[in-house]
Amino acid sequence: MASVTLDRRFSVLPPIKKEESMDVNSNMMNNGENYHRTENSESVRKLSQENGISRSVNLDIPEQPFSSILKKTRQFQEFDSFDKEENLRLEEEIKLHHLEKLMNRFHKHKPEAILLQAGTGFFPAKTLPRTPGCMNLAEFKQTISDVLVTDEYDDYLEKLFMKLDSSGSGYVDWNEFCTYLLLLYRENDYMRTKREIPFLVEPKIRHIVQNRQEQTTKIVAVDGPTRYVTISREGAISVWYPSMQYDKYYIISDDEVDTSQKRRFKMWVTDAIYMPNCHKIAIASTSRDIRFFDTSTAQYFEEWHLFALPDVPYCFDYYYDKRNPNSESLLIFGNDTGDINILRFYKPVTQLFNVPFKNEGGAHKIFMQNLHEHSKYIGHTVLPAVHPELIRQVQFVPDNDMIISSCASPVKSIVISVTSLKKVYVFKIDKGVECFDFSKKLNILVTGSLDHNIRLWNPYVTFKPMAVLEGHGTGVIGVKIHEGLMQVFSYSKEAVVKVWDIKEHALLQTVILKFPSSIHGRMPEHGQFPIHLQPSPQSSLLVTCNDYIGLLKLGRTSIPHSDTVNTHDTQLCCAIYNPMFKQVATGCDSSVIALWDIETGNKSVVLSNAHMEEEITCMTFDSSYRRLLSGARNGTIKVWNFQNGHNLHKLEAVAEAEVTGIMPLLDKKIILAVGWSRQITLYEDSDPDSMYVHAQQTWKGGQLHKDDILTIDFCPPNLLCTASFDGEIIIWDVETEKVFNRLRKGAASNLKKKIEDMSSVTEKSTESDRPKSMNSRPNSRHQKSHKLEKGQTAPVDKVLFLKGRATGRNMEVSSLVTSEGGYIRFWCLYGARNEMGYFYAPDQPDESILGMCTNQNNSLLVTGDTTGHIKVWDILSYCIRFQDKGRIKSKPLLEAHWRAHDSAIVSVEFAKHDTGDYIISASTDKTARLWTLREGQYIGTFGQKRSWNLKEPTTWAHPRTPWTLNVDSSKKDTDSSTTVSDSKSQLTDGADLDLQPEGDKLHGNQPEKTRIKSPDLVLPPVETKTVETTDEKPTKTSKREPRELRPVDKTFLGIRVEKELLRKQKDRKERRENFGDITLKKTQQYGKLCSPFQALSVPTVVDIKIPNNMPLSSRMISKGYTSQNLTEDMVMNMDFSYGGRDSPQGGDQVGEPVAPKKVVPGSKAGSREKESRSSMRSTPRVFAAPTLKKHHTVA
């Protein structure tokens, strides 16, 4: 189902499903998933619940729905009139007592019967009774005027009545009026708090089998490459790929073997943290110890073990200087007695502790009481009695050496210790604090408690929070601040994630994670730290519940700050005009349809996901202008109610092929559709209640087109024109469904290409029974180049009937215009001679005309080419009679010419308004713009922030152009952009989220300096004389004005492929920015480790030959090898391994005793890694001979 969004300045009803009732509290942006929900404001609840209005769309209103409210809060006068304001509509001025009066008027309305035939002395009058409560236009206007005590809204009431009368019956009842207002008010509240919803896809949930039904204590993310590591309460370490695919696991265990009979308590992991500069994971446990695991290699191993701490370390935080990784780093941890300990590592990259290298395997053990012996590398500081009980969480802020800690005590819930100022801030909360997060950039502290509330604090104001966010049903156990989106993510015990807007303090989204342990109303168990926010490029939120892990992928990770005005986020397919409602409809490749008010340029309705993410390829209105028809690239066609966005019909797709034209014939009650299926398909349009309409391939004239049909047009009363990619143009008689005239036959197809197409179709038909995909080539608007191959016939991109000429009596006048590879051709439909004249419209060679339209009397022809230029031609006297010499080859008079867009114009639409004649243009540069017809004055772009008024030219953008507007805004924002760049460089070390805007660098737009140098920014109206031209296109050597190169489309495969390419490009750029220039110092900063960058910089490979006097080891001699009989093959097949990691050297001979295997001290590998695990320290590797393969070996 398509999602609908309404702008609060327009009164358009959202879509309503026929079969279902609409919940007032449901989110308008909801696409059907249960996990996406948006809360609504109190005004809607009051109107829908307290007022007694039914929650169903088919409302049954009681007699006095507002009486209870009016008795309590009646603050209005008995007769309340008001004056009409410029910026307020009628619906926004209606008060509760107005609604009560209107309801009574509707219920008491008893209309007179409709007189069909006057009565006589012999026969009574014939009348048709009317339904009580249904008002016509005159009665509706009179009722509204009486209730509001004003006549100033009479003009607007006609438009409002047409919107309410969605069925076109000519009557409106109270249910329709009340439902319209209810949904409108709800949308007003929603639009006021609307923000970017971060989670757009289903969460990924995985089972951590290695946990053995124990909850996960902590999630950490290691880099180089990025892996997610989960640590269970009992010490199971699981490693995951960013795609949530399982990699490996380890088990933490004590190396001491207990031979006594004493009862031993099992160790539980309390917290873990990743130390990025030294590639270590620190894990604390109830055994009063901290284990340091090395993650710099493919196999993780325990390197250090700090034991016998005075108390149990319960929570961690780590800080290091990113500019100098080997400088002093801090490991801060809070313990179970309320103390805060600080371990200072002076050379963390070089070494953590002062312990010499040892031959035996296992971790280095450091006794806490002997920590002073390691003073060269580590220092220890204790902040005693910070909290009266166990510390839940601790965080270090490096800007002013501030340590924030929390506990469950109501006396000292949050303590901020500023060591540089020797100051302490204490926050008191009744039920303590379970979790918190702090942002230095936003200067905000967020806390979560067991009282179900989230509090936003100023870190220096302790007595009162800035805001209290209510909405969770259970205790809050995890909060995270997303600085890029300025949002807060909270996680509660019932496995529910909520998204809050920091500025508005409003709930934006609720995600219910359906873990197996949380279904059926059960309360699941969680670890101490169940939430982790992963920054860009992964941009994910990870949560844990029992032995499950869930990943929520973030959509947009930053708020865009681009000055570029776009109508849609992807390129447009067309823009069409509705003269009845004076609105413009635009469609784009991301399957979004938007409706705009032409008088102001404001958005009124958005149909998101109209065709299930398929590209919209064509749109049109029916002759009543109440229905909108749209076609997609996959062959689907949908019929929409234009007033409220309701999907009326879904038309069956004949093939998985692009729909290029839809023609509704209201008089004949049929809908015709053409496209790349090469067929004319009929759909019955007689049943308004039929949701699914079957396709009928019963066109009596047969399917004569041999190639893709690109365009269609209808000329009343019964002429239909279709044209295809091979240049064929056919005129049909709709009454007989036969060929009226075949203006041109299609070019003969290439036999080889035809055989290949048939073979591909055969293969696809054997694979599946679904409709065959025929989208084998790019759409015309997606093509990078419009240059025709040698011998190729120009495709017919557009056909246009000159209806004013066709209805005349002159049979020898041109009444059809076609666009073919940039040439505009005029055709006469009668007689033996059909083509009357042609001319080449674009200024540059090898371009095309994709958009054409005319004014009402066909005196002006408007063309839009693939270079982004619009031309207005005077064709009043062009091709109105045949010439004896042959075809007319001269150009008509050029009335106006201007540059309108950066790339190809896909459609131009004539709009007749009370204030004048206008042109609506749509382009692949993601914009739709409004221009005056004859002068080409730029009025504005649909989607810009500033509204225009067609009645006041001072509100137009003219004399400025889209490019000069961008240049002005860029000059104004020079200082602000510098400030933003400086602020980015001053971010705290922890603020590594993606804060960069996505503007032009993602879309590949030209820089503004290039645009301002373009010589054809604005071209005044030019009058040109008729010039004789030839049938050949202008040569490339012809002198022409320089112009700005239009941006090349990234791909013709669709928006999803383009988004994937943009994502990969952005990830590569971020990796380069994070790593910087690749040097040998960077690749070897952690010792002699083989890195991909070092492997790429190996010297030239040469063959290595075995010397005759090569020395042999004792093992080689014992196996019978000598210097004379040693060959390269023997060395390559030689086994130099010593067996297991604990087996002695030379112990691989047959019959020798093998020592029993030991338990790995400090860690046990999983079953999948047991065979390949080897100690990094216990057994040195021996290389007996050089490798003979042709590659360079790096130690």
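Predicted model: local features only at pLDDT ≥ 70, side-chain atom pairs only at ≥ 80, totals over all residues.
How many cavities of 30 Å³ or more does a search of the whole structure find? The search finds six.

## Overall make-up

The protein has 1195 residues, and 51% of them are buried. Its secondary structure consists of 18 helices and 62 strands. The accessible surface is about 58,400 Å². Carbon and sulfur atoms account for 51% of that surface.

Contacts were also sorted by sequence separation. Take the contacts between residues at least 6 apart in sequence: 56% of these join residues at least 24 apart.

## A contact across the sequence

Phe199 and Gly555 are separated by 356 residues in sequence. Their C-alpha atoms are 5.9 Å apart.

Phe199 sits in a loop, between α7 (174-192) and β4 (204-207). Is this residue buried or exposed? Phe199 has a relative accessibility of 1%, so it counts as buried. The cut-off for buried is under 20%.

## The β56–β57 pair

Strand β56 covers residues 869-874. It pairs with β57 in the antiparallel sense, over six bridges. Within this pair, Trp873 stands opposite Leu894 of β57.

Strand β57 spans residues 893-899. Five of its seven residues are buried, so the strand is largely enclosed by the rest of the structure. In a regular strand, side chains alternate between the two faces of the sheet.

## The largest cavity

Rolling a probe the size of a water molecule over the atoms shows where empty space is left. Of the six cavities of 30 Å³ or more, the largest has a volume of about 90 Å³. Its lining consists of 15 residues. Closest to the centre are Gly635, Val654, Val659, Val674 and Ser677.

Which strand supplies the largest share of this lining? That is β42, with three residues. Both β42 (670-675) and β43 (681-684) supply at least two residues each. By type, the lining of the largest cavity has ten nonpolar residues, four polar and one charged.

Pro225 is in the loop between β5 (216-222) and β6 (227-232).

A cis peptide bond also joins His958 and Pro959, with omega about 15°. The loop that holds Pro959 runs between β61 (938-941) and α10 (962-972).

Where does Arg212 lie? Arg212 is in the loop between β4 and β5. Its phi is positive, near 55°, in a residue other than glycine. Arg212 has a relative accessible area of 64%, and so it is exposed. The cut-off for exposed is over 50%.

Ala308 is not a glycine either, yet has a positive phi of about 65°. This residue lies in the loop between β12 (301-307) and β13 (313-319).

Key. Residues numbered from 1 in each chain as written. Heavy atoms only, no water. Helix = DSSP H or I, 4+ residues; strand = E, 2+ residues; numbered from the N terminus. Buried < 20%, exposed > 50% of the residue type's maximum accessible area, 1.4 Å probe, protein only. Contact = heavy atoms within 4.5 Å. Areas by Shrake-Rupley, 256 points an atom, 1.4 Å probe, with all protein chains shown as cover. Pairing = 2+ DSSP bridges. 1 Å grid on protein atoms, 1.4 Å probe; cavity = no way out; pocket = protein on both sides within 12 Å on 5 of 7 lines; lining within 4 Å. Points joined across faces, edges and corners; volume = space filled by probe spheres on them. Nonpolar A, V, L, I, M, F, W, Y, C, P; charged D, E, K, R; others polar.
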